[in-house]
Amino acid sequence: MKDFSYYAPTEVVFGKESEEQVARLVKKYGGTKVLVHYGGQSAIRSGLLVKICNLLQEAGIEYVKLGGVVPNPRLSLAQKGIELCRQEGIDFILAVGGGSVIDSCKCIAYGVPYEGNVWDFYLGKAKATAMLPLAAVLTIPAAGSEMSESSVITNEEGDVKLGYSNNLSRPKFAIMNPCRTFTLPPYQIAAGVTDMMMHTMERYFTKDDDMDLTTDLAEAMLRSMKNAVFAVLKNPEDYRYRAQIMWGGSLMHNGLTGCGVEEDWSTHQLEHELSGMFDVTHGAGLAAMWPSWARYVMHENLSRFVRFAVNVMDVPNDFTDPEGTALKGIEAMERFYHAIGMPINIKELIGRDITDAEIKEMTRKCSRDYQRTCGGLKALKAEDMQAIYQMARG
Ligand code: NZQ
Ligand code: ZN
């Protein structure tokens, strides 16, 4: 079993009307002047943004608003946010939205006390040692950024999407009211559940077979999400299952399902090039990549793929044919993706054939100019990445 450090400092306030507590929580964590950061329309349409601002105002907390975060959040808006925070003397950042808004907040929070260009952190040229405190009022369960140490930002110059992880960026608190997710369109529900399941699958497919507790927890969470998604697609106002998905999204990416094992984030790395280049929804991009990655690497630990097939995807175990059982598990996952409206290859994702030149460019970017490998179960070299993109073209 691998040694590990588990750090999940975020205070979670969960349930109906939980946003009523926002001002108390901002004060508790030292905020006196807040940047309220949000996305396009959903938080305005639902009235959540006005409600949050009113609650802050009533409690005597000053705030400034900055909207316009788009999925695959852009560096340019974060840079605007950094300037705004400096001009206004902001000491706390509040995200009202999903992973994209929270990640944009994290980028702003890193940038305010930093003298250089905040993109340095994402390029790996600098390590943040200070940042503004931040918190989230979550409106879409998916990315898990409300408890994670990561943020993923797209630099429009070159369409490069890069992540930066630092424990400093874990939100101080996360307010989660499942009723606020009732308005999510089916595509976002499905992409969100795909993403959260992948956060656990990227930790589950490992060479380390000796951490049964982590493996059992992972399988239970994957089964719960797989069942819950159908209930909410059928009935968007199903509180019971909305709530389980919302909590699942946080638990599946706060580190719990990676304790004691080596992780493998290849599917995410391969997908980031797809969303960087084609601006697709992250969860849908993962569904388009995972089956090809799985077929490419499954022999690195076949028994894990058999276990997944049997314990998560309900495939009968053919003890005489482990490879066949593993493949049936991958096929069952593809049927699951189709059943919830997700693609299983790049053609289905972007609606056309991808070109050889585009595959070459994604390979170059994913391998950082042929300089890095990625993945723990199998360390993918540039030629492996290219082969997986080819398999996934559809
Ligand atoms: O902008 P608005 O109008 O709010 O619309 C959003 C957006 O179009 C909409 N939405 C959100 N809440 C809603 C709603 N629509 C109706 N009702 C509501 N209650 O949903 C759309 C998607 O929102 P977004 O925040 O982009 O989704 P998600 O949470 O999936 O975040 C995706 C981003 O997170 C990154 C991804 O790469 C992607 O950029 N990730 C961040 C991670 C992290 N920080 O730990 C890990 C993940 O692996 C992921 O890479
Ligand atoms: Zn993800």
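Predicted model: local features only at pLDDT ≥ 70, side-chain atom pairs only at ≥ 80, totals over all residues.
**The interface between the domains**

Contact between the domains involves 29 residues of domain 1 and 27 residues of domain 2. The size of an interface is often given as the accessible area lost when the parts come together. Here, domain 1 and domain 2 bury about 2,300 Å² between them, and 60% of that area lies on carbon and sulfur atoms. On the side of domain 1, the residues that lose the most area to domain 2 are P141, K161 and P178, which together account for 24% of what that side buries.

Polar interactions also span this interface. Seven residue pairs are in polar contact across the interface of domain 1 and domain 2, with both residues at pLDDT 80 or more. Three strands, β1 (11-14), β6 (150-155) and β7 (160-165), each supply at least two residues of the side of domain 1 that touches domain 2. By residue class, that side of domain 1 comprises 14 nonpolar, eight polar and seven charged residues.

**Salt bridges**

The structure as a whole holds 24 salt bridges, whereas the count between domain 1 and domain 2 is one.

| Salt bridge | Closest N and O atoms |
|---|---|
| R74 with D279 | 3.2 Å |
| K51 with E19 | 3.4 Å |

What do K51 and E19 tie together? K51 belongs to helix α3 (residues 48-58) and E19 to the loop between β1 and α1 (22-28), so this pair joins parts that are 32 residues apart in sequence.

**The zinc site**

Which residues are the protein donors of the zinc ion (ligand 2)? The donors are D195 through OD, and H199, H268 and H282 through NE2. These donors lie 2.0 to 2.2 Å from the zinc ion. Along the sequence, the donor residues follow the spacing D-x3-H-x68-H-x13-H. Distant parts of the chain are linked by the pair H199 and H268, which are 69 residues apart: H199 lies in helix α7 (residues 186-204), and H268 lies in helix α10 (residues 266-278).

Note on methods: Residues numbered from 1 in each chain as written. Chains lettered and ligands numbered in written order. Heavy atoms only, no water. Contact = heavy atoms within 4.5 Å. Buried area = accessible area lost by both parts, 1.4 Å probe. Salt bridge = Lys/Arg side-chain N within 4 Å of Asp/Glu carboxyl O. Polar contact = N/O pair within 3.5 Å; in protein donor to acceptor, adjacent residues only side chain to side chain. Helix = DSSP H or I, 4+ residues; strand = E, 2+ residues; numbered from the N terminus. Nonpolar A, V, L, I, M, F, W, Y, C, P; charged D, E, K, R; others polar. Donors = N, O, S within 2.8 Å, 3.2 Å for Na, K, Ca; no water.
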